[in-house]
Amino acid sequence: MAPDFTLPSSTGEMVSLSDFRGKSEVVLFFYPKDNTPGCTAQACAFRDSHEAFMEAGAEVIGISSDSEESHRQFARLWSLPFLLLSDSKGEVRARYGVSRTLGLFPGRVTYLIDRAGVVRHVFSSQLQTGRHVKEMLARLREVPGE
């Protein structure tokens, strides 16, 4: 089971993973930092495929330790249509076991969570930012429907 959480979003509301239970799959991606080259490329790849995720019945949610204001600016600058959540203390990152790269940089890991709250796939790669989207879209097609 995916650990539940409640975090503040870039839109100012509190969002819980359990809000989506029974309603949609969730593609949850942890990324190191707003407005850095790799994270921007990853977020824009999710943006560019957002319609495909929606058609497949999945919500995309990004999480980093950046502030809500940083997320608002990041989302506005790059026209990101999905939720960005602020895990300022890294507690949710820790609960999901997302380790640091080289002990320094927050890891880049994406989870596919089904409607029942079960983690169906995990993809981890600090450098292959675009592959996170490809992996999740491919695996999303394998998740059994309701």
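Along the sequence, the elements of the chain follow the pattern β-β-β-α-α-β-α-β-α-β-β-β-β-α. That amounts to five helices and nine strands, where helices (H or I, at least four residues) and strands (E, at least two) are DSSP runs numbered from the N terminus. The model is a predicted one: local features need pLDDT of at least 70, side-chain atom pairs count only at pLDDT 80 or more, and totals for chains, interfaces and linings use all residues. Residues are numbered from 1 along each chain as its sequence is written, and side-chain values use heavy atoms, with hydrogens and water left out.

**The chain as a whole**

- Of the 146 residues in the chain, 51% are buried; buried means under 20% relative accessible area, exposed over 50%, and partly exposed in between, with a 1.4 Å probe and protein chains only.
- Taking contacts between residues at least 6 apart in sequence, 63% join residues at least 24 apart, a contact being heavy atoms within 4.5 Å.

**Helix α1**

- Helix α1 covers residues 37-48, and its 12 residues should span 16 Å at 1.5 Å a residue; the end C-alpha atoms are 16 Å apart, which agrees.
- The expected span is 1.5 Å times one less than the number of residues in the helix.
- C39, T40, Q42, A43, C44, A45 and F46 are the buried residues of α1.

**Aromatic pairs**

- Rings of Phe, Tyr and Trp (its six-membered ring) pair if their centres lie within 6.5 Å; planes under 30 degrees apart count as stacked, over 60 as edge-to-face and the rest as tilted.
- The count by this rule is 10 aromatic pairs.
- One of them joins F46 and F82, whose ring centres are 6.5 Å apart with planes at 75°, so this pair is edge-to-face.
- Because F46 lies in helix α1 and F82 in the loop between α3 (68-78) and β5 (83-86), the pair ties together parts that are 36 residues apart in sequence.
- F46 counts as buried because its relative accessibility is 0%, and F82 counts as buried at 5%.
- Y96 and Y111 form another edge-to-face pair, since their ring centres are 5.1 Å apart and their planes stand at 70°.
- This pair links distant parts of the chain, with Y96 in the loop between α4 (91-95) and β6 (100-101) and Y111 in strand β8 (residues 109-113), 15 residues apart.
- F29, Y31, F46, F53, F74 and F82 form one aromatic cluster.

- Y96 has a relative accessibility of 9% and so counts as buried.
- Leaving out residues up to four places away in sequence, Y96 touches A2, P3, F5, L17, L28, F30, Y111 and I113.
- Y96 and P3 are 93 residues apart in sequence, while their C-alpha atoms are 7.0 Å apart in space.
- H71 lies in helix α3 and is buried, with a relative accessible area of 0%.
- From H71 to K33 the C-alpha to C-alpha distance is 9.5 Å, and the two are 38 residues apart in sequence.

**The cavity**

- On a 1 Å grid over the protein atoms alone, a cavity is a set of points where a 1.4 Å probe fits but cannot get out, and lining residues have an atom within 4 Å of a point.
- Grid points are joined across faces, edges and corners, and a volume is the space filled by probe spheres set on the points.
- The structure holds one cavity of 30 Å³ or more, and the volume of the largest cavity is about 40 Å³.
- L17, F20, R21, S24, V26, I113, D114 and G117 line the largest cavity.
- This lining divides into four nonpolar, two polar and two charged residues.
- Ala, Val, Leu, Ile, Met, Phe, Trp, Tyr, Cys and Pro count as nonpolar, Asp, Glu, Lys and Arg as charged, and the others, Gly among them, as polar.

**Positive phi values in loops**

- N35, in the loop between β3 (25-30) and α1, is a residue other than glycine with a positive phi, near 60°.
- N35 counts as partly exposed, at 39% relative accessibility.
- S79, in the loop between α3 and β5, is also not glycine and has a positive phi, near 55°.
- S79 counts as exposed, at 52% relative accessibility.

Definitions and conventions. On a 1 Å grid over the protein atoms alone, a cavity is a set of points where a 1.4 Å probe fits but cannot get out, and a pocket is an open set with protein on both sides within 12 Å along at least five of seven lines; lining residues have an atom within 4 Å of a point.
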